[in-house]
Amino acid sequence: MTIQRLSQDHTKAIHRVEESCFQSPWSENTIEALLKSDNAQCFGCFENDTLVGYIALEWVLDEGSLTNLAVLPSYRRRGIAEKLTEALLEEAIKKDLQFVTLEVRVSNTPASNLYRKMGFDEVGVRKGYYSNPREDALLMTKYLA
Ligand SMILES: CC(C)(COP(=O)(O)OP(=O)(O)OC[C@H]1O[C@@H](n2cnc3c(N)ncnc32)[C@H](O)[C@@H]1OP(=O)(O)O)[C@@H](O)C(=O)NCCC(=O)NCCS
């Protein structure tokens, strides 16, 4: 199992992970734009040559966002998301970001537990933030300084 930086070559592989993990997966175009952006970095977890999970960091000036994280269902509960989050936080520190923020569905206990374990604090709720199905988002932040 290795954690690597992702490039545009990984667009289709990320899309496959998205389709396996979300009801409204990001399109290949959205993923390609993310991978091309000068203000984003994605990391992937590979088992042999297969991408089994990925995470996306985006930033504006010194403010970071964890904009997506997914691990294929059959690879969960092995610490992969934790390793991906560590890679993202190391990158955020290297880039001198002040904090990393994220939104998560209030019902998504696996993800919110993970984020709490990784040092993110609940700082608010965004009412009706998600659609399909409509749901509130928990806003979580980790300060790095
Ligand atoms: C959330 C997700 C990324 C976790 O991936 P994972 O590789 O299984 O997580 P890890 O094995 O690294 O688990 C780390 C911690 O997360 C929490 N966690 C993970 N899965 C959990 C579950 N099913 N129930 C409760 N807590 C869970 C625990 O705190 C765990 O630490 P522990 O093992 O010491 O209890 C994965 O379930 C997933 O891809 N879900 C669908 C996509 C998604 O919801 N992404 C987040 C969008 S905001």
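What percentage of the 145 residues in the protein chain is made up of buried residues? Buried residues account for 29% of them, where buried means that 20 or more other C-beta atoms lie within 10 Å of a residue's own, exposed means 12 or fewer, and partly exposed is anything in between, with C-beta atoms placed from the backbone.

## About the model

This is a predicted model, in which local features need pLDDT of at least 70, side-chain atom pairs count only at pLDDT 80 or more, and totals for chains, interfaces and linings use all residues. Residues are numbered from 1 along each chain as its sequence is written.

## Overall build

Let us start with the whole chain. The protein chain has four helices and seven strands, taken as DSSP runs numbered from the N terminus (helices are H or I with at least four residues, strands are E with at least two). Read from the N terminus, the order of elements is β-α-α-β-β-β-α-β-α-β-β. The radius of gyration of the protein chain is 14 Å, close to the 15 Å that the globule rule gives for 145 residues, so the chain is as compact as a globular protein of that length. Here the radius is taken over C-alpha atoms, and the rule is 2.2 Å times the number of residues to the power 0.38.

The C-alpha trace spans about 40 × 35 × 30 Å along its principal axes. Among contacts in the protein chain with a separation of 6 or more, 56% are between residues 24 or more positions apart; a contact requires C-beta atoms, placed from the backbone, within 7 Å.

## The sheet

Seven strands form an open sheet in the order β1-β2-β3-β4-β5-β7-β6, with mixed pairing; two strands pair if DSSP finds at least two bridges between them. β1 (2-5) and β6 stand at the edges with a single partner strand each, so one side of each has no neighbour in the sheet. From one strand to the next, the twist averages 25°; axes are lines fitted to C-alpha atoms, for helices over the stretch in contact, and angles run from 0 to 180 degrees between N-to-C directions.

Now for the pairings. β2 and β3 run antiparallel and are joined by eight bridges, with Ala40 opposite Glu58 in β3. β3 and β4 also run antiparallel, joined by eight bridges, and here Gly53 stands opposite Val71 in β4. Further along, strand β5 (residues 99-105) pairs with strand β7 (residues 135-143) in the antiparallel sense over seven bridges; Val100 has Lys142 in β7 as its bridge partner.

## Helices on the sheet

Two helices are worth a look against the strands. α3 lies across β1, β2 (40-47), β3, β4 and β5, and runs at about 30° to β3. α4 lies across β5 and β7, and runs at about 160° to β5.

Most residues other than glycine have a negative phi, and most peptide bonds are trans. Several places here are worth checking against that background. The hairpin of β2 and β3 has two residues between the strands, and Asn48 in its turn has a positive phi of about 55°. The hairpin of β3 and β4 likewise has two residues between its strands, with Leu61 in the turn at a positive phi of about 50°. Leu61 is exposed, with 8 other C-beta atoms within 10 Å.

Arg77, in the loop between β4 and α3, has a positive phi near 65° and is exposed, with 8 other C-beta atoms within 10 Å. The peptide bond from Asn132 to Pro133 is cis, with omega near -5°, and Pro133 lies in the loop between β6 and β7.

## Two residues in their surroundings

Trp59 lies in strand β3 (residues 50-60) and is buried, with 20 other C-beta atoms within 10 Å. Not counting residues up to four places away in sequence, Trp59 touches Asn39, Gly64, Lys95 and Leu97.

Gly128 lies in strand β6 (residues 121-130) and is exposed, with 10 other C-beta atoms within 10 Å. Leaving aside neighbours within four places in sequence, Gly128 is in contact with Arg134 and Asp136.

## Around the ligand

Of the 19 residues around the ligand, Arg76, Ala81, Glu82, Pro110 and Leu114 come nearest, where near means a C-beta atom, placed from the backbone, within 6 Å. β4 (63-71), α3 (80-94) and α4 (109-117) each supply at least two residues of this shell, and the largest share, six residues, comes from α4.

The residues of the shell divide into ten nonpolar, four polar and five charged. Ala, Val, Leu, Ile, Met, Phe, Trp, Tyr, Cys and Pro count as nonpolar, Asp, Glu, Lys and Arg as charged, and the others, Gly among them, as polar.
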